[in-house]
Structures are given as C-alpha cells and as structure tokens.
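Hi,

Here is the model I promised to pass on.

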Amino acid sequence: MAVFHVNDCIRKTKQGIPLTAAEIGALVRGITKEPLIPDYQLSAWLMAVCLRGLTDDETAALTMAMRDSGQTMHWDMLGGPVADKHSTGGVGDKTTLILAPIAAACGIFMPKMSGRGLGHTGGTIDKLESIPGFSTALAPEAFLEQVKKIGFAVAMQTGDLAPADKKLYALRDVTETVDSIPLICASIMSKKLATGADHILLDVKVGSGAFMKNDEDAAELARLMLAAAKADGRDCTAVLTDMDRPLGMNIGNALEVLEALEVLDGDTESALGAFCVTLAAELLHMAGKGTKEACRAQALQAVQSGAAMERFAQMIAAQGGDPRVTENRSLLPVSPCTRTVKAERGGWIAAMQSEQIGRASVLLGAGRMTKADSIDPGAGIRLTAQYGDKVAQGDPLMTLYAQKESQLDEAEAFLRGAVSIAETEPEQRPLIRKIYSTGDAT
Ligand code: URA
C-alpha cells in the first residue's frame with residue numbers, strides 16, 4: 001500500500017469512495033498502535049461513515065481488522081460445540097441467564113463474555129452480581145476449567161478483546177456517531193468473532209427500547225452481521241425480537257435473576273419461558289443437536305428435568321455465589337421501599353415504552369447514569385400487566401422497588417407516560433419477529 005494518510009480515508013469516505021481493506025486495516029491499526037491517529041481525525045471519519053455509510057466489503061474489512069486489534073480466543077481444547085449469544089441491548093433481557101444453563105445441560109459449551117448495563121439497558125454482569133458473593137472476575141485458567149466442567153462461565157469482557165472497538169465506541173458515544181448500522185455491526189461482531197465461538201446466536205432487538213427502532217434497520221443490521229460471520233467461517237443466526245415492550249415481567253438485577261429462576265423452575269409457558277426455549281432450540285440446532293423440533297424437545301427436557309437449574313446452581317457456586325438462591329429466593333436482595341402503580345383508567349395495554357421503563361429502573365437505582373455510579377441490586381420494577389392485557393381502573397400495573405421514597409416518586413412520575421391504555425384490544429404481536437441464518441439461501 002502507498003503511504004497511509006488518514007486524511008485520504010476521511011476524504012474518500014466523505015465522498016462515498018470505498019476504502020480498500022488495506023486502508024481500513026491501517027486506519028484500525030492507528031486506533032491502538034503508534035503512531036496513533038488523533039481522536040479528532042477518527043471522529044471526522046466516524047461522522048463521514050455515519051453520513052455516507054460503508055459498502056458491505058468495507059464493513060467486513062472493518063469488522064475483521066477490529067477483531068484482530070487484540071486477543072482472539074480459541075476453544076479447540078474443549079472438544080465439543082462452542083456457542084455464544086449476543087443481545088443488542090434491551091430492557092428486562094435476562095435471556096442469557098436461562099439460555100446458557102439450558103445449552104450447557106444439552107452438551108454445548110458457552111464461554112460467555114458479558115458487560116455491565118449502561119443507560120436504560122441492563123447488563124448480564126450486574127444481574128449475576130446481585131447474587132450474594134457472585135464474582136465475574138475469573139482468571140483465564142479458572143474460566144477454562146469451569147467451562148470444561150460445567151459447560152459455561154460468565155466473565156466480564158476484558159479490554160484485551162477488540163480494543164479498537166473500546167476506543168472507537170467511547171468516541172462514538174460522545175460524537176453522536178453510535179447510530180450507524182455498519183459501525184454497530186463492526187463493533188458487535190469484532191468482539192463476537194474475537195471470542196471464538198463456532199456458533200453465534202444474535203438477538204437483534206427492534207423497537208422503542210432498542211438501537212434499531214424499525215424492522216428495516218434491524219434486518220439490515222442482521223444481514224451485515226451474518227455476512228461478517230460468514231466471511232469468518234462462523235455459523236450464525238440472527239433473531240429479530242420485539243423491544244416495544246420489556247422482555248418478561250421483571251426489570252432490575254435481582255428481580256431479573258428471580259424471573260430467570262422461575263423459568264428454570266419449569267415455567268416454559270410464560271412469554272419469557274417460551275421465548276427462551278425457542279432461542280435455545282435455535283442454538284442447539286445450530287450446534288448440530290438435531291432438527292429444530294428435536295432441539296426444542298431437548299431444551300424443554302433440560303428445564304423440566306431440573307438439569308438446567310442444576311447447571312445454573314453449579315455455575316453460581318463455581319463463581320463464589322450462594323447456590324442456595326436457586327431454592328431459596330429470599331436470599332436475593334430486595335430494596336426496602338415499594339410502591340404499586342395503578343391503572344388510571346380501564347382498557348387494554350396498547351403500548352409500553354420500554355426505553356422509558358428502562359430509564360425509570362435507572363432512577364430507582366437498578367442502573368447507572370455514568371460508568372462510575374454504583375447500583376442497587378434489589379431495585380427495579382415488577383410488571384403485573386404486559387402489552388395486550390386488559391385492566392380495570394385501579395388495577396395494579398407494576399410494583400417499584402428502591403432504597404428511598406424520593407426515588408419512587410421520581411420513577412412513578414416518569415412511568416405514568418410509559419404505559420398507554422386504549423379502549424380497543426391491540427393487535428397480537430409475537431416476541432420473535434423474524435429469524436435469519438448464515439445457512440439460508442441468499
Ligand atoms: N453494542 C455494541 O457493542 N456496539 C454498538 O455499537 C452497539 C451496541
């Protein structure tokens with residue numbers, strides 16, 4: 001390649017002229033290695049991408065270069081199917097807590113790297129840390145041993161994984177350049193590919209509480225992520241799922257662990273339970289465990305037999321937590337101040353603003369405004385009615401949990417506008433909107 005000038009990249013992208021893979025490689029190298037590209041030039045390029053987009057080839061090249069910017073993990077030593085699952089971020093999304101033990105009970109390895117919640121969306125690490133004693137700071141050897149023995153482990157994603165994304169994401173966050181589909185694809189897939197699983201299940205959230213607000217954008221993100229996975233020889237399925245309502249009934253860390261335990265206890269008929277069984281069947285099918293019907297039966301059996309709950313308890317114990325929470329739910333923290341929010345009129349719940357509900361849970365103490373904030377593990381919201389339910393005036397809609405009455409006041413005021421009650425029954429909307437796979441004909 002001729003001498004690399006970052007200005008050439010900025011100008012080309014601004015003019016819609018595609019960059020070569022070598023140019024993208026040099027640009028990504030300059031994010032983490034000397035001579036470093038200054039933030040102002042990276043920011044200018046990010047804005048050019050936001051306004052002009054990238055071609056599919058550029059997006060794939062960016063993803064691979066970011067994947068290779070740090071450590072890449074390999075799991076051949078496990079000698080079995082290795083799967084990963086990623087959600088693009090939602091409200092009340094405790095799927096990993098249910099899916100990983102089901103997969104492990106069905107003979108699939110899941111070495112899971114997860115993050116904390118930020119903004120109105122929750123994070124798996126915060127949820128698990130609400131279990132007394134639980135630690136997600138695992139040394140690499142302990143992590144591997146646990147995956148070998150129990151089938152899964154959940155650790156905090158380290159800065160060694162796709163460090164170029166860490167730097168770019170921080171810049172995007174403060175330069176209004178987060179909402180670019182190629183940049184979101186490269187950010188998510190660089191980390192997923194670096195984590196090394198052969199089978200990757202992507203849960204692409206769509207709706208008011210998600211990055212992707214409509215089906216078209218979500219389908220485009222899914223298409224790009226599948227293309228990146230395919231280019232790297234990975235098996236990938238993307239499930240487009242509804243975030244125009246929170247997932248399940250509980251929002252908040254210990255509250256979400258509680259709801260996950262209810263599903264693992266056998267509640268596969270609830271909307272959350274059925275959703276997780278479908279996702280688990282997709283994952284098992286990808287990992288070669290049979291037809292989707294056979295895989296659904298295996299997932300259900302893993303729950304009904306108690307095998308998935310047993311794996312969950314083993315995982316909790318291995319990571320320093322108190323496994324008795326799986327039997328005695330009163331060991332989970334609950335914030336002392338509670339309030340029930342009631343319906344101001346009767347009718348059908350026709351809309352749930354999940355973003356607002358997520359923000360209210362942050363006000364209650366379940367999330368952070370900034371990375372430095374601490375959270376209250378027992379805070380959150382327990383919905384008593386969901387989208388499509390009929391309620392009478394005065395019926396409870398939800399219960400709020402916090403440390404202080406003032407937090408309840410603030411969250412309640414915020415939540416009043418988050419639930420719309422209509423006189424007519426809204427259309428039935430499935431939680432799973434669409435499923436795409438790298439195996440599909442294109
Ligand atoms: N999650 C990520 O990891 N990156 C994005 O860009 C958006 C969501």
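Across the interface of domain 1 and domain 2, one residue pair is in polar contact, with both residues at pLDDT 80 or more (N or O atoms within 3.5 Å, one able to donate a hydrogen and the other to accept it; residues adjacent in sequence count only if both atoms are side-chain atoms). On the domain 1 side that touches domain 2, helix 2 (21-32) and helix 3 (39-52) each supply at least two residues, and helix 3 has the largest share with seven (helices are DSSP runs of H or I, at least four residues). By class, that side has seven nonpolar, two polar and one charged residues.

Bear in mind that this is a predicted model, with local features needing pLDDT of at least 70 and side-chain atom pairs 80 or more, while totals for chains, interfaces and linings use all residues. Numbering runs from 1 along each chain as its sequence is written, and side-chain values use heavy atoms, without hydrogens and water.

The salt bridge count between the two domains is one (Lys or Arg side-chain nitrogen within 4 Å of an Asp or Glu carboxyl oxygen). Lys167 and Asp39 form a salt bridge at 3.2 Å, N to O.

As for area, about 1,000 Å² is buried between domain 1 and domain 2, with 82% from carbon and sulfur atoms (accessible area lost on being put together, 1.4 Å probe, summed over both parts). Ile31, Leu46 and Cys50 supply 46% of what domain 1 buries there, more than any other three residues.

Cheers

Definitions and conventions
Buried area is the accessible area (1.4 Å probe) that two parts lose on being put together, summed over both. Ala, Val, Leu, Ile, Met, Phe, Trp, Tyr, Cys and Pro count as nonpolar, Asp, Glu, Lys and Arg as charged, and the others, Gly among them, as polar.
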